[in-house]
Amino acid sequence: MRIEVGMDIFVLGFPMRLFTGIFPIWKRATLATEYDFAVEGLPKFLIDTATQKGMSGSPVILRQRGGYSDVNGNMMMGMSSATKFLGIYSGRYEGDDLAAVQLGIVWRKEIIDEIIDSGVPGDYILRVA
């Protein structure tokens, strides 16, 4: 699927620990930066959404119904829906001024794949540079 700034995307999670059974809450968001452009030189992009605490670690997906445009500009029709995993939500910009803009941070799926594929186990030690 072609990914373009301004598209509706979704953050699937449990805001404020709201639990509705086995299924997550779908929070609508808008792709706020170009997906393929590294924000601050890092493999992340920004979304415009009113997320809440408890959403960190949530998958972020693009869902198109009734057809979509592929990366070559071809229109793919006749599908009930198509879904693409974009990355993992990790929080939003904080601070007096930045919190007001409600921009969330999503780490691109490629960096998530790289972390998993490296096979290096993590730890819980906080390192201060």
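**Figure 1. E110 and its salt-bridge partner.** In this predicted model, E110 is partly exposed, its relative accessible area being 36%. Its side chain meets that of R108 in a salt bridge, with an N to O distance of 3.1 Å. R108, by contrast, counts as buried, because its relative accessibility of 15% is under 20%.

**Figure 2. The R108–D36 salt bridge.** R108 also forms a salt bridge with D36, in which the closest N and O atoms are 3.9 Å apart. This pair links distant parts of the chain, the two residues being 72 residues apart. R108 belongs to strand 6 (residues 103-108), whereas D36 lies in the loop between strand 2 (25-31) and strand 3 (44-48). D36 has a relative accessibility of 64% and therefore counts as exposed.

**Figure 3. The network of D36, R108 and E110.** Salt bridges link D36, R108 and E110 in a network.

**Figure 4. The E40–K44 salt bridge.** E40 and K44 form a salt bridge whose closest N and O atoms are 2.7 Å apart. E40 is exposed, with a relative accessibility of 56%, while K44 is buried, with a relative accessibility of 5%. The pairs shown in these views are among the five salt bridges counted in the model.

Key
Residues are numbered from 1 along each chain as its sequence is written. This is a predicted model: local features need pLDDT of at least 70, side-chain atom pairs count only at pLDDT 80 or more; totals for chains, interfaces and linings use all residues. Side-chain values use heavy atoms; hydrogens and water are left out. A salt bridge is a side-chain nitrogen of Lys or Arg within 4 Å of a carboxyl oxygen of Asp or Glu. Helices (H or I, at least four residues) and strands (E, at least two) are DSSP runs, numbered from the N terminus. Buried means under 20% relative accessible area, exposed over 50%, partly exposed in between (1.4 Å probe, protein chains only).
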